[in-house]
Amino acid sequence: MLIRNFWTGIFALALTSQIAATAHATDNSAGAYADLAGVKLWFTDSGGTGVPIVLLHANTGTSAVWAAQIAGFSKAGYRVITFDRRGWGNSMADPASGPQPGTVASDLDALVEYLKLDKFHLLGVAGGGFAALDYAAWHPEKLRGLVIGGSTGSIRDKEIADFSARIEIPDIRKLPAVYREVGASYRGADPDGTKRWVDIDEHSRQKDAPSQPLRTPNTFAKIETIPTPTLIIAADADLLAPPALMRIWAAHMKDHEWAEVPDSGHAIAWEHPDVFNAKVLEFVKRH
C-alpha cells in the first residue's frame with residue numbers, strides 16, 4: 001500500500017508539473033505601450049468586463065511569468081492586467097517625459113488612470129509584494145483586495161532584519177537566482193519549467209537600470225494603516241521569505257487571511273500555479 005501511494009504521488013506531481021510547464025510555454029504575447037510620465041510602460045490586458053486583477057512581478061522576471069495566472073484568472077471571468085516594471089522587460093524609461101527612476105506605485109497608479117480602471121484587486125509576489133504594500137498604503141480606496149505572495153514585504157523594522165540575518169545562507173546572493181528562488185522539488189521535477197524561468201530572469205533586468213525605490217519605506221506602522229482585505233500566501237520551502245518571517249509582518253495587517261503553498265520555493269506562483277491560483281480565486285470571489 002505504501003509503495004502504491006508513493007508512485008501515485010509521483011505521478012500526480014509529474015502531471016501537475018506537465019500542466020504547469022504547458023501554461024508557462026504559452027505566454028500572452030499581446031501587449032501595448034502606455035505613454036506615462038517618465039516611462040513607456042509595457043502592459044498586457046486580457047480585456048473584458050470582469051473585475052480587474054493587476055499583477056506585480058518579482059525582481060526576478062517580467063510580466064512573462066504570469067502566463068498561468070492570466071489564463072486561470074481570465075477563465076474565471078476576471079480582467080487580468082500585467083506590466084513590466086520600469087527597468088525590466090519591454091518597458092522603456094523616458095527621461096524627457098518625467099523624472100527617473102520613479103516608483104512602481106506611481107507607475108501603477110498612472111497605468112490605472114490610463115486604463116480608467118474602477119476598483120481592482122492587486123497581487124504582488126516577492127519584490128512585487130513590496131510595491132503592492134506601498135501602493136495599498138497610499139491608495140487603499142482604489143483596491144477591492146490585496147494579495148501578497150512569498151515576500152518579506154521589504155519591512156524595515158529591526159525584527160524583520162534580525163530574522164533575515166539569522167536565516168541568510170552565506171554567499172547565497174552570489175549564486176544564480178534560480179538556486180535562491182526556485183524550490184529544489186520544482187527544479188528536480190520540471191526541468192523545462194525551470195529552464196523557462198531562468199530564460200525569463202536572464203532577460204528581465206535591463207542593463208544599468210536603477211532600482212525604483214518605494215514611495216515611503218515599508219514599516220509595521222505603515223502597513224498597519226492598510227484597511228484593504230488581504231490574503232497573504234507563504235511558500236513552505238522559501239529560503240528568502242519563509243512562513244515564520246512572513247507571519248511577523250502579517251500580524252500587523254488589519255484585515256488579513258493566511259494561506260500556504262506546500263513544497264514550494266520563493267517562486268510561489270510559478271512553481272504551483274494550480275494551487276496558488278485556486279487560493280487567490282477563492283479570496284477575490286469574496287471581495
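Helix 4 is largely enclosed by the rest of the structure, because 9 of its 12 residues are buried (buried means under 20% relative accessible area, exposed over 50%, and partly exposed in between, with a 1.4 Å probe and protein chains only). Before going further, please keep in mind that this is a predicted model, in which local features need pLDDT of at least 70, side-chain atom pairs count only at pLDDT 80 or more, and totals for chains, interfaces and linings use all residues. Residues are numbered from 1 along each chain as its sequence is written, and side-chain values use heavy atoms, with hydrogens and water left out.

Let us stay with helix 4 for a moment. Its buried residues are Gly-127, Gly-128, Gly-129, Ala-131, Ala-132, Leu-133, Asp-134, Tyr-135 and Ala-136. The elements covering them include strand 3 (52–56), helix 3 (104–115), strand 6 (120–125), strand 7 (143–149), helix 9 (220–223) and helix 10 (243–250). Helices (H or I, at least four residues) and strands (E, at least two) are DSSP runs, numbered from the N terminus. From first C-alpha to last, helix 4 reaches 17 Å, close to the 16 Å expected at 1.5 Å a residue; that expected span is 1.5 Å times one less than the number of residues.

Ala-137 also belongs to helix 4, but this residue is partly exposed, with a relative accessible area of 26%. Leaving aside neighbours within four places in sequence, Ala-137 is in contact with Lys-222, Thr-225 and Ile-226, where contact means heavy atoms within 4.5 Å. Thr-225 is 88 residues away along the chain, yet the two C-alpha atoms are separated by 6.5 Å.

Now step back to the whole chain. It holds 12 helices and 9 strands, and 49% of its 287 residues count as buried. Among contacts with a separation of 6 or more, 77% join residues 24 or more positions apart. The chain exposes about 13,000 Å², and carbon and sulfur atoms supply 58% of that area; accessible areas come from the Shrake-Rupley method with a 1.4 Å probe, and for residues only the protein chains shown count as cover.

Asp-107 sits in helix 3 and counts as buried at 3% relative accessibility. Beyond residues up to four places away in sequence, Asp-107 touches Leu-36, Ala-37, Val-39, Leu-41, Arg-86 and Gln-212. Phe-43, in strand 2 (residues 39–45), is buried as well, with a relative accessible area of 8%.

What about the open space? The largest pocket has a volume of about 340 Å³. On a 1 Å grid over the protein atoms alone, a pocket is an open set of points with protein on both sides within 12 Å along at least five of seven lines, a cavity is a set where a 1.4 Å probe fits but cannot get out, and lining residues have an atom within 4 Å of a point. Grid points are joined across faces, edges and corners, and a volume is the space filled by probe spheres set on the points. Of the 19 residues lining the largest pocket, Phe-130, Arg-173, Glu-181, Leu-240 and His-266 lie nearest its centre. Helix 4 returns here: together with helix 5 (158–167) and helix 6 (177–181), each supplies at least two residues of the lining. By class, that lining has 8 nonpolar, 7 polar and 4 charged residues (Ala, Val, Leu, Ile, Met, Phe, Trp, Tyr, Cys and Pro count as nonpolar, Asp, Glu, Lys and Arg as charged, and the others, Gly among them, as polar).

The structure also has 2 cavities of 30 Å³ or more. The largest cavity contains about 130 Å³ of space and is lined by 14 residues, with Ala-58, Val-65, Val-125, Trp-197 and Ala-267 nearest its centre. Its lining divides into 10 nonpolar, 3 polar and 1 charged residues.

Finally, look at the backbone. Most residues other than glycine have a negative phi, and most peptide bonds are trans. The peptide bond from Gln-100 to Pro-101, however, is cis, with omega near -5°. Lys-116, in the loop between helix 3 and strand 6, has a positive phi near 55°, and is exposed at 72% relative accessible area.
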